[in-house]
Amino acid sequence: MKIGWQSPSNIALVKYWGKRDPQLPSNPSISFTLEACHSQTFVEFEVGQGISLHLDGVDTPSFVPKISQFIERILPRHPWLADYRLTVETHNSFPHSSGIASSASGMSALALCVVDAAIALGHTLAEADPRREASILSRLGSGSASRSVYGGLVAWGETPSVPGGHDAYAIPYPHAVHPLFHTFCDVVVLVDVGQKAVSSTAGHALMDKHPFAQQRFKQAHRHMADLRGILSQGEVLPFLDLVESEALTLHGLMMSSQPSYILMRPNTLHILEAIRQFRHESGMPIGFTLDAGSNVHVLFPKEVEQSAMRFVSDVLAPYAKDHRFIADRVGQGPVSLQ
Ligand code: DP6
């Protein structure tokens with residue numbers, strides 16, 4: 001039996017940073033699901049044992065331990081997997097060396113395949129809703145992957161302003177959202193493609209003894225609450241302020257932890273300053289967010305796409321490695337490849 005899914009990456013607006021066992025977040029988060037950055041994964045399930053993985057057609061044993069760990073974690077919910085051999089073929093739409101994490105798209109694609117296989121084999125899912133089951137499994141693979149199983153705006157984690165929000169799985173954002181956020185653009189400017197972002201395991205662990213942890217977790221709840229009005233009213237500038245504050249907080253937490261990490265590169269800062277200056281001078285709604293790395297996600301509504309793209313190509317791209325950037329936007333979520 002062979003099952004395939006295409007599943008997207010996502011970019012957090014309120015960041016998940018800090019977790020407890022088993023892969024439960026210390027604070028709520030919300031993301032835009034992306035479109036162009038995705039993984040396409042086929043899994044062949046055969047009776048037997050073992051795992052093999054082909055990335056872009058090349059046998060890649062170095063990824064097998066990560067998948068074995070994922071299978072081990074989901075085994076209590078899917079004990080049938082113990083009797084199957086998995087052959088995974090996966091392809092990322094974004095270049096392997098781009099510094100864009102493939103864990104959200106890759107893990108969610110794999111989880112969606114497992115859920116479909118379980119259904120095809122006649123097993124009863126622990127969650128009645130297959131997509132929710134896929135979100136739970138994805139989370140066990142990589143926390144942020146839990147949000148990749150839905151399109152648009154997706155929330156993960158319990159917080160008073162998000163009814164139905166849960167630490168174990170993500171949900172489509174349950175409040176009214178102004179149409180301009182349905183088509184938001186995200187251009188990823190690739191600053192230092194060889195540079196490895198801090199590993200998520202190391203990163204989240206930094207929050208365990210972080211002196212600012214409790215304040216940070218409170219701030220994330222507050223930001224989730226503030227976003228409700230901002231998103232429903234289409235308040236783009238307050239949106240960009242909040243999202244930039246989240247990105248800089250994430251990096252501030254890394255810089256003020258023990259050990260400390262500085263993941264922004266000089267060109268990252270040049271880009272952030274150029275964006276703020278351009279916004280200030282032109283009044284155009286354009287802002288940024290960051291992952292746990294040096295690349296910059298440039299955010300703007302579709303209605304200003306033409307001038308924003310000109311600004312990206314003319315002003316920001318010269319700070320990127322080989323002038324590279326990936327033009328992405330809010331996407332519709334995973335697609336079955338059957
Ligand atoms: C900065 O989901 O990669 O991108 O659960 O350990 O796999 P694990 O971590 P991961 O952490 C993502 C951190 C972030 C913020 C976010 O996506 O919310």
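These legends walk you through a few close-up views of a predicted model. Local features need pLDDT of at least 70, side-chain atom pairs count only at pLDDT 80 or more, and totals for chains, interfaces and linings use all residues. Residues are numbered from 1 along each chain as its sequence is written, and side-chain values use heavy atoms, with hydrogens and water left out.

**View 1. The ligand sits between two domains.** Domain 1 (2-177) and domain 2 (182-329) both give residues to the shell around the ligand, so it lies between them; the domain bounds come from an automatic or database assignment. The shell has 14 residues, each with a heavy atom within 4 Å of the ligand. Among the closest are Y16 and K19.

**View 2. Polar side chains reach the ligand's oxygens.** Look for S142, with a polar side-chain atom 2.7 Å from a ligand oxygen, and for R147, where that gap is 2.8 Å.

**View 3. R20 meets D167.** These two form a salt bridge, with the closest N and O atoms 3.2 Å apart; the term means a side-chain nitrogen of Lys or Arg within 4 Å of a carboxyl oxygen of Asp or Glu. R20 lies in strand β2 and D167 in the loop between β8 and β9, so the pair ties together parts 147 residues apart in sequence. (Strands are DSSP runs of E, at least two residues; helices are runs of H or I, at least four; both are numbered from the N terminus.)

**View 4. E244 joins a network.** E244, R276 and R279 are linked by salt bridges, and the E244 to R279 pair is 2.7 Å, N to O. E244 is in helix α6 and R279 in helix α7.

Key
A polar contact is a pair of N or O atoms within 3.5 Å; within protein, one must be able to donate a hydrogen and the other to accept it, and residues adjacent in sequence count only if both atoms are side-chain atoms.
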